[in-house]
Amino acid sequence: EEVVQELEDLGFYNIETMEKKDLVTGWVTKEGSVYKVSIGGDSSFEEGNVFRKETRVVVIYHTFKE
């Protein structure tokens, strides 16, 4: 939720979230922890990169297996 809010604060509005159902106990990695963020299909970016505000952003986060 924090990452999505930060992205919205930066002007992005085409933001999706997806679950990565890989947790068993949640001891090492906490539920809701961000696994990966991709902007325009690219997850390799750094500070200073410029993206259009309508670019699709996907935030993938850890959650428990069913």
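Q: Which elements each supply at least two residues of the lining of the largest pocket?
A: This is a predicted model. Its largest pocket has a volume of about 240 Å³. Two elements that each give at least two lining residues are helix H1 (2-9) and E2.

Q: Which residues are the closest to the centre of the largest pocket?
A: The pocket is lined by 13 residues. The closest to its centre are Leu7, Leu10, Phe12, Ile39 and Phe45.

Q: How do the residues of the lining divide into nonpolar, polar and charged?
A: H1 gives the largest share of the lining, 3 residues. By kind, the lining residues of this pocket are 8 nonpolar, 2 polar and 3 charged.

Q: Is Val57 buried or exposed?
A: Val57 sits in strand E3 (residues 57-64). Its relative accessible area is 0%. Buried means under 20%, so Val57 is buried.

Q: Which residues is Val57 in contact with, leaving aside its neighbours within four places in sequence?
A: Asp22 is 35 residues from Val57 in sequence and 21 Å away in space, C-alpha to C-alpha. The contacts of Val57, with those neighbours left aside, are Leu7, Phe12, Asn14, Ile15, Glu16, Val37, Ser38 and Ile39.

Q: Why does Ser38 count as buried?
A: Ser38 belongs to strand E2 (residues 34-39). Not counting residues up to four places away in sequence, Ser38 touches Ser43, Phe45, Arg56, Val57 and Val58. The cut-off for buried is under 20% relative accessible area. Ser38 counts as buried because its relative accessibility is 15%.

Conventions: Residues numbered from 1 in each chain as written. Predicted model: local features only at pLDDT ≥ 70, side-chain atom pairs only at ≥ 80, totals over all residues. Heavy atoms only, no water. Helix = DSSP H or I, 4+ residues; strand = E, 2+ residues; numbered from the N terminus. Buried < 20%, exposed > 50% of the residue type's maximum accessible area, 1.4 Å probe, protein only. Contact = heavy atoms within 4.5 Å. 1 Å grid on protein atoms, 1.4 Å probe; cavity = no way out; pocket = protein on both sides within 12 Å on 5 of 7 lines; lining within 4 Å. Points joined across faces, edges and corners; volume = space filled by probe spheres on them. Nonpolar A, V, L, I, M, F, W, Y, C, P; charged D, E, K, R; others polar.
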